[in-house]
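Subject: The structure I promised, with notes

Hi there,

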Amino acid sequence: MAKKTLVVVESPTKARTIKKFLGKDYVVESCMGHVRDLPQSAKDIPEKFKKLPWSNLGVNVDKDFDPIYCIPKNKTKIVKELKALLKDADELILATDEDREGESISWHLLELLNPKVPVKRMVFHEITKKAIQEAIDNCREVDMNLVKAQEARRVLDRLVGYTISPLLWKKVAYGLSAGRVQSVAVRLIVEKEHERLKFKQSKYWGVYSNCEKTKVKFEAKLIEVDGKKIATGKDFDPDTGQLKDSSKMIHIEEKRALTIVDEIKGKPWAVTEVEERPVSRKPAPPFITSTLQQDANRKLGLSARETMSVAQKLYERGFITYMRTDSTNLSNQAIEASRACIKDLYGSKYLPEKPREYNKKKSKGAQEAHEAIRPAGVEFVKPEDTSLKSSQLALYDLIWKRTVACQMVNAQQNQVGVKFSVGEATFSASGMTIVFPGFLKAYVEGKDDPEGALEDREVRLPKLKKGDGVECLETTPKEHETKPPARYTEAGLVQKMEKEGIGRPSTYASIIGTIQDRGYARKVGNTLVPTFTALVVVKLLRQYLPQYVDLGFTSEMEKSLDNIAQGDLDQVKYLKGVYFGKTGLKEQVEAQEKEIKPEESRQITLVGLEGLSFRVGRFGAYVCRIESTGEEVCASIPDGSSPAEMTIELANKFIDQKISGNDALGEDPESGLPIFALSGRYGPYVQLGDAAEIEKPKRMALPATWELEEIDIPKALFLLSLPKTLGEHPETKKVVKVGIGRFGPYVVHDGDFRSVNKAEDLRTVDFAFAMNLLSQEKKGRGKRAPLKVLGAHPETGDEMQVLTGRYGPYIKCGKVNVSLPEEQKPEDTTVEQALELLKERLEKATKKKKAKKKTAKKKVAKKAAKKTTTKKTKKTAKKTAKKKVVIRREASTS
């Protein structure tokens with residue numbers, strides 16, 4: 001039997017795509033990502049290391065920071081299968097991604113598989129036939145500098161995280177985490193919140209006129225009066241709310257604005273100044289990882305994590321080049337493809353004489369990809385000609401447009417500024433016209449429709465010259481107020497981190513995801529809002545371990561890790577310097593642990609709320625104040641509350657509710673137990689019985705439209721009666737109930753939950769209302785309508801349906817699901833294709849079912865045998881005991 005070449009990649013999708021370009025002599029298999037990693041928990045640490053002082057780190061700090069690598073349980077089967085495939089191969093090709101992460105996976109595979117056949121490292125930045133063939137012809141060895149850099153990065157992250165996190169558990173709350181890059185990112189978000197807390201709002205007025213000349217209407221605004229400039233938002237100090245320089249400008253209030261309107265009424269308007277300026281705009285360079293994340297967030301509303309997930313799928317399916325890159329360079333092949341698209345779609349006038357060249361010089365910290373993110377191949381497939389759907393199509397369209405636009409000619413614009421004198425007042429108007437759209441024809445930042453966006457951008461003014469008069473149609477005053485500093489969006493945070501050199505673009509998605517997963521920030525709309533926990537943790541770190549949230553220190557760490565990747569710095573020497581010594585992480589944490597007082601470290605005082613103490617504990621954030629009696633009273637802060645929106649009134653309201661909640665509303669007529677109206681971490685609720693006397697008193701959340709102050713005994717009794725039976729379903733004879741759950745009010749019948757509109761008064765929901773709601777087609781989280789119904793399966797009898805899910809289209813047959821191949825259109829799926837796809841899965845499911853039954857039978861038999869053995873043992877024991885008694889009696893008699 002002829003031996004084959006085993007090619008190992010990270011994902012099944014990538015394996016399927018590459019398989020299409022290789023012959024029958026190649027076996028392409030997926031290792032499903034990392035096959036080895038540091039221990040994730042104490043149980044993963046090998047027994048021989050468990051008693052050693054450094055074992056909790058998973059890194060031998062006493063022996064050159066040697067990491068303990070473990071095979072995750074879900075990867076043991078994969079490694080076993082790869083080893084079996086390697087036995088029948090005469091060559092091994094490691095084709096993981098070309099960055100540090102991919103190089104590390106290849107090295108781990110090499111260590112685990114221990115091949116006795118020749119090994120090659122194959123790298124490519126796009127999955128096309130030409131790229132794969134070139135990669136096979138130009139294989140290399142595993143780059144140990146990249147492996148060491150990745151290992152140093154992983155070890156450093158582990159040392160920082162596993163050394164500082166336990167300190168947070170002891171001093172703030174259990175379960176909190178710190179991270180080399182994560183903590184700095186949290187600091188950035190928290191600093192924005194402190195800026196918002198310090199912010200003092202200012203109100204000011206402006207005066208605006210609608211004017212006309214030669215039938216062209218335009219708006220002009222007041223900029224000067226009596227020779228003094230009119231103050232706008234940027235002229236106010238955000239910390240004081242006062243004018244930065246009151247000597248040079250005037251703060252207009254409502255009375256003055258109305259006076260100005262009266263003063264200029266009927267007065268002639270004359271043009272005093274016209275400034276016309278041509279502007280030439282260059283296109284933005286093609287996408288790198290960070291700019292793709294930023295634009296996808298702004299234009300498509302995708303999070304950094306979602307963007308990278310979609311981009312990964314596009315890359316693995318062969319639609320785009322590798323998506324982790326810091327290089328804006330384009331290959332000659334890409335430039336030619338872009339220019340061909342421009343000429344074909346927009347014409348020669350949109351094509352520059354020479355191709356545009358972007359940064360060819362690779363930065364020291366750059367990811368190892370050769371190019372910017374662009375459509376793959378020698379010809380760019382138009383978005384409408386792909387089989388892509390949904391977010392994959394939207395992201396590919398974004399990448400396609402940006403790549404094509406970056407090779408187009410400049411946009412030519414004409415900007416016009418005009419000033420008018422009206423009595424003692426000066427007004428101004430601005431206009432902008434697009435002389436030639438250039439690259440804007442293909443790509444306008446912040447817009448999905450370039451044609452529509454160009455129209456939106458233009459502000460046309462009539463032809464005006466000095467001395468011309470214009471007609472004022474209407475003048476109106478308008479009130480404005482200054483806005484607090486905007487919170488970071490994901491795009492804004494990525495931009496800031498890249499600018500400061502914190503982390504690397506390939507890690508931004510996971511960092512932002514971790515910040516939210518660990519409860520340091522919530523996503524409200526498109527902004528990242530820090531929690532009270534984030535404020536407390538950042539305060540502690542800045543006070544006791546400042547360098548680990550310092551932007552410069554973290555940036556220098558990144559540079560050192562890049563130097564390791566270049567082979568310019570020894571990783572062991574660097575790690576020793578970071579971890580050991582007087583300024584090292586280990587000694588600093590040990591020294592500061594003694595200094596930190598838990599009761600102080602858990603609290604924070606907010607600007608303008610000095611009489612209150614905000615704290616973080618086991619059950620979340622809470623606020624405390626000292627009463628006139630000297631007693632301290634604390635109350636939970638609902639999870640949705642953000643620090644910058646906290647006011648003295650709101651904080652005192654939570655505490656007052658807690659105090660009044662200590663007094664029962666009354667007694668439950670049936671049980672005699674007291675009823676309380678309280679506010680907690682998850683919002684207001686009613687409670688039956690005193691928590692100090694009853695282990696688990698019954699609680700029920702208030703509907704969204706109910707206020708805690710309005711709760712009386714009838715309302716409380718109604719809520720405590722939930723879930724309440726409304727009646728019996730006429731068909732199933734099962735009960736229909738109404739209640740309040742995690743997602744709000746609902747009615748339910750036989751496991752079928754239906755949401756009740758939050759505006760609906762639950763007390764009016766009766767059996768008829770519930771039956772009407774249950775008779776309607778289910779929406780939201782319910783079952784999706786099938787794209788196609790293929791009929792019953794000939795063997796199982798279950799209906800076969802083509803559905804669409806989170807991971808794309810699939811076929812459902814009973815409890816068995818199978819994904820459709822990427823090239824297969826759901827609407828074109830036939831019964832024969834479905835049966836073929838389901839065949840293997842159904843066989844596996846049947847085998848699994850039989851094995852389960854067999855195991856269950858064995859367990860029953862084993863239990864029965866044990867029971868029989870126990871009975872026999874007991875009988876034997878009784879007989880033996882009786883014999884012993886008889887022998888003793890005979891002995892005593894004799």
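This is a predicted model: local features need pLDDT of at least 70, side-chain atom pairs count only at pLDDT 80 or more; totals for chains, interfaces and linings use all residues.

Let me start with a proline: Pro-723 lies in the loop between α21 (713–720) and β25 (724–728).

Most residues other than glycine have a negative phi, and most peptide bonds are trans.

Phe-65 is not a glycine, yet has a positive phi of about 55 degrees. You will find Phe-65 in the loop between β3 (59–60) and β4 (66–67). Is Phe-65 buried or exposed? Phe-65 counts as buried because its relative accessibility is 2%, and buried means under 20%. Leaving out residues up to four places away in sequence, Phe-65 touches Val-59, Asn-60, Val-155, Leu-159, Val-572, Leu-575, Lys-576, Tyr-579 and Phe-580. Asp-88 is another matter: 23 residues separate Phe-65 and Asp-88 in sequence, and their C-alpha atoms are 37 Å apart in space.

Lys-215 also has a positive phi, of about 65 degrees, without being a glycine. Lys-215 sits in the loop between β7 (203–213) and β8 (216–225). Whereas Phe-65 is buried, Lys-215 is exposed, with a relative accessible area of 78%.

**Aromatic rings and charges**

A pair of aromatic rings is described by the distance of the centres and the angle of the planes. How many aromatic pairs are there? The count comes to 18 aromatic pairs. One of them is Phe-287 with Tyr-443, an edge-to-face pair at 6.5 Å centre to centre, with 80 degrees between the planes. Phe-287 lies in the loop between β11 (269–281) and α8 (289–300), and Tyr-443 in the loop between β13 (425–436) and α12 (450–457), so this pair ties together parts that are 156 residues apart in sequence. Phe-287 is buried, with a relative accessible area of 0%, and Tyr-443 is buried too, with 4%.

There is also an aromatic cluster, formed by Phe-218, Trp-269, Phe-420 and Phe-427.

For Lys-192 the ring is that of Tyr-488, with the charged end 5.3 Å from the ring centre. For Lys-478 the ring belongs to Tyr-208, and the distance to the centre is 5.0 Å.

**How α6 packs**

Two packed helices are described by the angle between their axes and the distance between the axes. Helix α6 (residues 182–198) has two such partners worth a look, α13 and α14.

With helix α13 (residues 490–500), the axes come within 11 Å and cross at roughly 120 degrees. That angle makes α6 oblique to α13, and the crossing is right-handed. On the α6 side the contact is made by Ala-185, Leu-188 and Ile-189, and on the α13 side by Leu-493, Lys-496 and Met-497.

With helix α14 (residues 505–517), the angle is about 70 degrees and the axes are 10 Å apart. Here α6 is roughly perpendicular to α14, and this crossing is right-handed as well. Gln-182, Ala-185, Val-186 and Ile-189 of α6 meet Ile-511, Thr-514 and Ile-515 of α14.

**A serine in α16**

Ser-560 is part of helix α16 (residues 551–565). Which residues does Ser-560 contact, leaving aside its neighbours within four places in sequence? They are Leu-569 and Tyr-574. At 16% relative accessibility, Ser-560 counts as buried.

**The chain as a whole**

The chain has 23 helices and 32 strands. Its C-alpha atoms fill a box of roughly 145 × 85 × 75 Å along the principal axes. Of the 894 residues, 46% are buried. Among contacts between residues at least 6 apart in sequence, 65% join residues at least 24 apart.

Happy browsing, and do write back with any questions!

Best wishes

Terms used:
Residues are numbered from 1 along each chain as its sequence is written. Side-chain values use heavy atoms; hydrogens and water are left out. Rings of Phe, Tyr and Trp (its six-membered ring) pair if their centres lie within 6.5 Å; planes under 30 degrees apart count as stacked, over 60 as edge-to-face and the rest as tilted. Helices (H or I, at least four residues) and strands (E, at least two) are DSSP runs, numbered from the N terminus. Buried means under 20% relative accessible area, exposed over 50%, partly exposed in between (1.4 Å probe, protein chains only). A charge sits over a ring if NZ of Lys or CZ of Arg is within 6 Å of the ring centre and within 35 degrees of the ring normal. Axes are lines fitted to C-alpha atoms, for helices over the stretch in contact, and angles run from 0 to 180 degrees between N-to-C directions. Angles under 35 degrees count as roughly parallel, over 145 as roughly antiparallel, 65 to 115 as roughly perpendicular and the rest as oblique. A crossing is left-handed if the near helix is turned anticlockwise from the far one by less than a right angle, and right-handed if clockwise. Contact means heavy atoms within 4.5 Å.
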